[in-house]
Amino acid sequence: MKQRYPTKKIFVGKVAVGGDAPISVQSMTYSDTKNIEATVEQINRLHFAGCDIVRVAVPDMEDALALKAIKEQIAIPLVADIHFNYKLALEAAKWVDCIRFNPGNIGEKSRVKEIVKACRERNLPIRIGVNAGSLEKEFEQKYGATAQGMVESALYNIKFLEDLGFEDIKISLKASDVNRTVDAYRMLRPLVEYPFHLGVTEAGTIFHATIKSAIGLGALLLDGIGDTMRVSITGELEEEIKVAKAIIKDSGRSREGVNIISCPTCGRIEADLVSAVAQVEKRTAHIKAPLDISVMGCAVNAIGEAKHADVAIAYGKNAGLIMVKGEVVAKLPEDQLVDRFIDEVEKFANNLK
Ligand code: SF4
């Protein structure tokens with residue numbers, strides 16, 4: 001597996017991003033931010049689902065003024081997403097853990113300077129969030145909404161901050177399609193040392209967003225690119241976290257949680273494997289220990305897979321075997337197999353603690 005690109009480590013609140021820090025998962029609320037109760041409720045749901053850093057939109061001053069109360073009621077770092085109005089950034093900087101804004105769309109340099117000063121006073125990093133759909137006019141005209149245009153925009157915004165002596169930066173380069181997104185991140189990676197926030201933006205419903213993000217973010221993670229990420233889904237908040245964590249795990253950048261190996265089923269099967277695997281997935285979702293577990297429909301491949309799995313089931317006719325580290329520990333009727341399997345998985349996970 002490729003090494004991760006060495007990047008500068010920054011801190012968003014207590015969460016390290018970049019360097020040797022684990023790849024963190026981010027998401028964003030969809031409530032009206034000024035509706036404090038709804039926003040806190042969504043943030044706490046995200047936190048419970050495993051989100052490391054949360055972002056809220058701050059389109060007006062009432063939203064900015066709500067950040068203090070929101071921050072007091074949550075336990076994960078908070079990022080304020082600001083466009084155009086530097087006064088919103090100045091208010092937000094009093095309460096949040098990071099500001100996402102692009103210097104190029106704030107206007108006069110003196111205003112950017114004020115935001116940078118406010119961030120520096122509280123050690124807040126800034127995320128430069130380049131989006132193919134909202135490039136600065138000069139880059140849009142020269143390059144179109146291309147990966148090159150995104151990279152040029154990022155370099156321009158980075159220089160803006162560096163000229164002010166500010167280097168506590170992370171960068172995102174998001175487009176709504178996989179190719180531009182991946183090209184842009186790959187193009188910029190060798191040019192700067194700042195950590196990257198990955199994402200394919202406006203990726204669609206859970207089905208499409210999962211595929212786009214798995215291809216795009218997965219490809220980048222395999223290349224060793226990426227320090228934090230958000231999977232954008234038009235759907236429920238928790239799904240973003242679940243998909244992001246799975247992409248990080250399946251690209252080999254994290255070993256947290258169970259890896260389920262299950263056969264696709266075929267005409268040899270003599271058990272209801274589909275519902276067994278669904279149960280196993282649900283009942284092991286809370287386990288953080290890095291386990292490989294295997295659920296196979298017959299003996300053809302089960303024994304081979306079981307040798308590599310920590311805990312395994314091999315189904316047969318009306319019965320099956322439970323194996324731990326390749327050794328058979330029980331032969332049981334089909335209706336008792338999943339319960340015993342879960343017991344063995346829990347036991348194995350507890351022994352790893
Ligand atoms: S493990 Fe058995 S049931 Fe499952 S796909 Fe392979 S041959 Fe078919």
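## Strand pairing and domain layout

Strand E6 (residues 98–100) is joined to strand E7 by 2 bridges, and the two strands run parallel. The model is a predicted one, in which local features need pLDDT of at least 70, side-chain atom pairs count only at pLDDT 80 or more, and totals for chains, interfaces and linings use all residues. Residues are numbered from 1 along each chain as its sequence is written. Helices (H or I, at least four residues) and strands (E, at least two) are DSSP runs numbered from the N terminus, and two strands pair if DSSP finds at least two bridges between them.

**Strand E7 and its sheet**

Together with helix H4 (residues 109–121), E6 and E7 make a right-handed β-α-β unit (with the strands pointing away from the viewer, the path from the first strand over the helix to the second runs clockwise). Of the 6 residues of E7 (residues 126–131), 5 are buried, so this strand is largely enclosed by the rest of the structure (buried: 20 or more other C-beta atoms, placed from the backbone, within 10 Å of the residue's own).

E7 belongs to an open sheet of 8 strands with parallel pairing, in the order E8-E7-E6-E5-E4-E3-E10-E9. E8 and strand E9 (197–198) stand at the edges with a single partner strand each, so one side of each has no neighbour in the sheet.

**The mixed sheet**

A further open sheet has 5 strands in the order E11-E12-E13-E14-E15, with mixed pairing. Its edge strands, E11 (258–262) and E15 (327–333), each pair on one side only.

| Strands | Bridges | Sense | Opposite residues |
|---|---|---|---|
| E6 and E7 | 2 bridges | parallel | Ile99 and Ile126 |
| E13 (residues 311–315) and E14 (residues 319–324) | 5 bridges | antiparallel | Val311 and Val324 |

**Domains and ligand**

The chain is divided into domain 1 (10–250) and domain 2 (258–351), with bounds from an automatic or database domain assignment. Taken over C-alpha atoms, the centres of domain 1 and domain 2 are separated by 40 Å.

The residues around the ligand are Cys263, Pro264, Thr265, Cys266, Arg268, Ile269, Met296, Gly297, Cys298, Val300, Asn301 and Ala302, each with its C-beta atom, placed from the backbone, within 6 Å of the ligand. Helix H11 (residues 299–308) supplies the largest share of this shell, 3 residues.

Note on methods: A residue is buried if 20 or more other C-beta atoms lie within 10 Å of its own, exposed if 12 or fewer, and partly exposed in between; C-beta atoms are placed from the backbone.
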